[in-house]
Amino acid sequence: MKIIIPASERRHMLQRLAFSLSIGAAIAFALATTTERSGYLGAQVILSVAIAAFAWLFVDLGDFVLFSHSIERFPFSKKRHIYLVFAVIAAQFLGEILVYPFLDFGQVRTQFKGFWTWCLITIVMISVFIWAVTQNKFRTEDKRRESDIRLKLLETQLEPHMLFNTLANLRALINTDPVQATKMLDHSVSFLRATVNGSRVSLHTLGTEFERLGDYLDLMKIRMGSRLKYTLDLPPELDGHLIPPFLLQPLVENAIKHGLEPKVEGGRIIVSARADEKQILIEVNDTGVGSDVEYIKESNGFGLKQVTERLLAVYGELGKMTLSNTGDFNTSVQIQFPITQRTEAFA
Amino acid sequence: MSAVLSQLYRRPTAIIAEDEQHLAEALRLELAKVWPELYVMSIVNDGISAVKQALLLKPDVLFFDIRMPGMSGLEAAAELAETWKGNAFPSLVFVTAYDQYALQAFDAQAVDYLLKPVSSDRLQKTVVKLHLAGLSKHNTEEDNSRNLENTLTKLGKLLSTTTDQMGTALRLKVIKVNLPLLGNSIKLIPIEDVLYFTATDKYVQVVAKTDEGYKEFLIRTPLKDLLPQLDPAVFWKIHRSTVVRASAIDIVQRDHLGKLSLTLRGRMGSLAISRLYTHLFKTR
C-alpha cells in the first residue's frame, strides 16, 4: 500500500509537529522549574521533546497512514480510539526508554518511577481531547456533507427533464381534462413544497416519506399512464418512525428511470416497510428491465451512492443497503437502519 | 386505406412517436389546429414501433420524442434511415423536454427541434419550416438517394456528438472481465490492448491482445454505456453493435450492393460498416 500525503495535509502535519515539540519543551521547563528536580533541565527537555516527537509520529502520522483511506476517519471508530490511546502510551514509553541510555541513570530514575501515573493522566487527557475534537469536527463535517447531499437531492428532484415534462403534461391536460390537470398540479405542488422543506429538516416521519413518494408516483402515473403501477405498503404502526427526508426517493426514481422507463410495457414498483425490535427494513422492488446487479454496483450511479452516503452519515455502520435481482422482482433494493422514535431527540 | 387516400389527394402525412400519452394527444390536437391538412397516420409510444410504423406507412413527417423506451428517438431515426428504401425520406422533427444535447446540433441536422411544452406559435413556425424544406414528392430517384445519404451522414454525426458527452477525465483505462471459471477472479485488460467491441444479446464481446495472441472476453456493460467512456478519436463506432480501434483498421471494402465492410490487422474475417457511419471513411 502506497501512502500519499496531500500537500495541504503535509503542511498541517508539520505545523502539528512543531506545536507538539514546543509543548514538550514547555512542559520540560515547567517541570524543571517548579519541582525539586530543577537541576536536571537538560535531561528533562530531551525527554519531553522525545516523548512529544513520538507522540506526533504515532498520533498524527500513524493515524493518517492507518485510517485516512478508510471510512472510519469520521466519526472516530472504536478501533481508532484504542489505537490513539495506545499510541500515546507507546510514545511515553519509547521516549523514556530511548532517551534513557543517553542520560545519567540517576537523572531520570525519579522520572521513570512516575511512569504509570503519567500514562494514566495522559490517557485521560487525550481521551477528553479526542472526544471534544470529535464532537466538534464530526458535527461540522457531518453538517457540510448533509448540506451537500441535500443540495444534490434538490438538484435531482428539480431535474429539468422531470420538470418540463410535467409542465408539458399540465399544458396538455388544461384543455382536454381540467380535473386531471388540477390533480396533477396539486401533486406537483405538494411534491415541490416537500422538496424545499425536506432540505431543511434532518429527519421526518416514515408516514411523510411515503406520502411524498405517493405524490411523486401519482405524478409519474399521469405521465406514464398504464405503464406505471405501484404499491406503497407502510404498516400503520411504523408511521411515526423517523427517516432522513427523501432517503427513498432516489431508489424509486432509479426504479422508474432504469427499470420501467426503458421497458415498453412498463411494470410495477412496490415499496414496503417492515420492522423488528431493533431496526426498520425497507424494500424497493420493481418489475422493470432488471439490470444486472453486478453492473449496477459497478456503475455506482449517483442515486445509490447518495443513499449509501446518507445512511452512513446518519446511522454509521448500522445503516445498510443491499441490491439483488433474485425472486419475483427484477431489481430489488433493501435498506435497513436502526429504529428512531419521534420522541427521541436526534440532532 | 386512408393512407392510400391521403397519397391520392396529396395530403401530407405524419407519425408521432411519444411515450407519454397526454403529450402525444396534445401534439396531435395542436397540429390539427395549425396544420389542418396534415393527416396523422399513427401515434406510437416507443422507438421500436416508431421504426416499424414509419417503414410501413412512409409518412412525410416524423415527430420523434428523444427519450422513449425501447429505442431513443435519435436511435430510431438512425435505424430508420439505415433500412429506408424507395421514396423520399421523411422530414424529421425532434421533440424533447429539455435541451440535453445542445439545440444547435439538432437545428443543423434535423428539420426542426421542439422543446416541450410546445406552444402553438412555436409549432406554427415548425410547419412553415417543413413547407420550406419541401414536402412534395416530385423528387427524382436521384434526389431521393442523395437526400437519404445526406440524412444518414447528419444522423451519424449527431449520434456521435451525443455520445461524446463525458470529458476525458472519465475515460476508461482498463476493462474488467469476470472469469467465473477461474473461481470468480477478475481479469484487467488495459484499454490499449482492446481491438474491438461487439454487442451480442446480453453481453458485449471484447477482443483484446493477450500474451497468447488475440482473445475474446465477455463483459456486462452495455455498449451504449461503454461508448461515452471511450476516446472517440481512438475508437470508432462503425455499426449499431460494433466499436473498433481506428488504428487497427486495415482495409475497407465496398461490395457489389454498395455496402461497406472492413478488416482488421492481424484478424481474419470482416466487420460490417453501417450506412450511418460511412462518413468516417470518405476519402475527401
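1. In this predicted model, 24 residues of chain A are in contact with 25 residues of chain B. The two chains bury about 2200 Å² between them, and 55% of that area lies on carbon and sulfur atoms.

2. Between chain A and chain B the count of salt bridges is four. One of the residues concerned is Arg171(A), which forms a salt bridge with Glu30(B); the closest N and O atoms of this pair are 2.9 Å apart.

3. Which helices of chain A each supply at least two residues of the side that touches chain B? They are α6 (160-176), α8 (206-224) and α10 (293-299). The most is given by α6(A), with 11 residues. Sorted by class, the side of chain A that touches chain B has 10 nonpolar, five polar and nine charged residues.

4. Turning to chain A as a whole, the model contains 11 helices and seven strands in this chain. Chain A has 347 residues, of which 44% count as buried.

5. Ile238(B) belongs to strand β11 of chain B, which covers residues 235-239. Is this residue, Ile238(B), buried or exposed? Ile238(B) counts as buried because its relative accessibility is 0%, and the cut-off for that class is under 20%.

6. Which residues does Ile238(B) touch, when those up to four places away in sequence are not counted? The residues touched are Val244(B), Leu262(B), Leu271(B), Ala272(B), Ile273(B), Ser274(B), Tyr277(B) and Phe281(B). For one of these, Tyr277(B), the separation can be stated in two ways: Tyr277(B) and Ile238(B) are 39 residues apart along the chain, while their C-alpha atoms are separated by 5.6 Å.

7. In summary, the side of chain A that touches chain B receives the most from α6(A), and four salt bridges are counted between the two chains. Within chain B, Ile238(B) is a buried residue of strand β11.

Notes: Residues numbered from 1 in each chain as written. Chains lettered and ligands numbered in written order. Predicted model: local features only at pLDDT ≥ 70, side-chain atom pairs only at ≥ 80, totals over all residues. Heavy atoms only, no water. Contact = heavy atoms within 4.5 Å. Buried area = accessible area lost by both parts, 1.4 Å probe. Salt bridge = Lys/Arg side-chain N within 4 Å of Asp/Glu carboxyl O. Helix = DSSP H or I, 4+ residues; strand = E, 2+ residues; numbered from the N terminus. Nonpolar A, V, L, I, M, F, W, Y, C, P; charged D, E, K, R; others polar. Buried < 20%, exposed > 50% of the residue type's maximum accessible area, 1.4 Å probe, protein only.
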